[in-house]
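Dear colleague,

Please find the structure handed over below, followed by an account of what was found in it.

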Amino acid sequence: MSEESQSVEFYGAAWCGDCVRARALLEHYGVDFTYHDVDASDEDKAKAIELSGRPNIPVLLFPDGSVLTEPSNPLLNSKLTELEMI
C-alpha cells in the first residue's frame, strides 16, 4: 500500500476552532494528511460540501473512503485506530 493511500484529505479553514483541534490531533499522532483551505479555494470548498453534504468544516476524507464532518477527538481517535493509522 502506498503512503499516499494512507493519507487523510483534510478540508478546513484557519479561523475554524474545530479545524485547529482536529489538525492538532493529526499532527500529534504524526498522521499523514493533505490540508485543503476552503477559504483559499472555491474548488476545495465545493469538494468539502460534496463529501459531507453540508457546509460544515472540518471535513476529513479517509483512505477507506469514509468521511467525518466536525468529528470530536474521541471519534477521530476511534477512526484513526480502526484504520491502523495510529
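**Fold and overall form**

From the N terminus on, the chain runs through its elements in the order β-α-β-α-β-β-α, which comes to 3 helices and 4 strands, where helices (H or I, at least four residues) and strands (E, at least two) are DSSP runs numbered from the N terminus. Please bear in mind that this is a predicted model, in which local features need pLDDT of at least 70 and side-chain atom pairs count only at pLDDT 80 or more, while totals for chains, interfaces and linings use all residues. Residues are numbered from 1 along each chain as its sequence is written, and side-chain values use heavy atoms, with hydrogens and water left out.

The radius of gyration of the chain is 12 Å, which agrees with the value near 12 Å for a compact globule of 86 residues; the radius is taken over C-alpha atoms, and the globule rule is 2.2 Å times the number of residues to the power 0.38. Along its principal axes, the C-alpha trace spans about 30 × 25 × 20 Å. Of the 86 residues, 38% count as buried, that is, under 20% relative accessible area, with exposed meaning over 50% and partly exposed in between (1.4 Å probe, protein chains only).

With residues up to four places away in sequence not counted, L60 is in contact (heavy atoms within 4.5 Å) with V8, E9, F10, L26, S66, V67, L68, P71 and L76.

**Backbone points to check**

The peptide bond from I57 to P58 is cis, with omega near 0 degrees, and P58 lies in the loop between α2 (42–52) and β3. Two residues other than glycine have a positive phi, namely E70, near 50 degrees, and E84, near 55 degrees.

With kind regards
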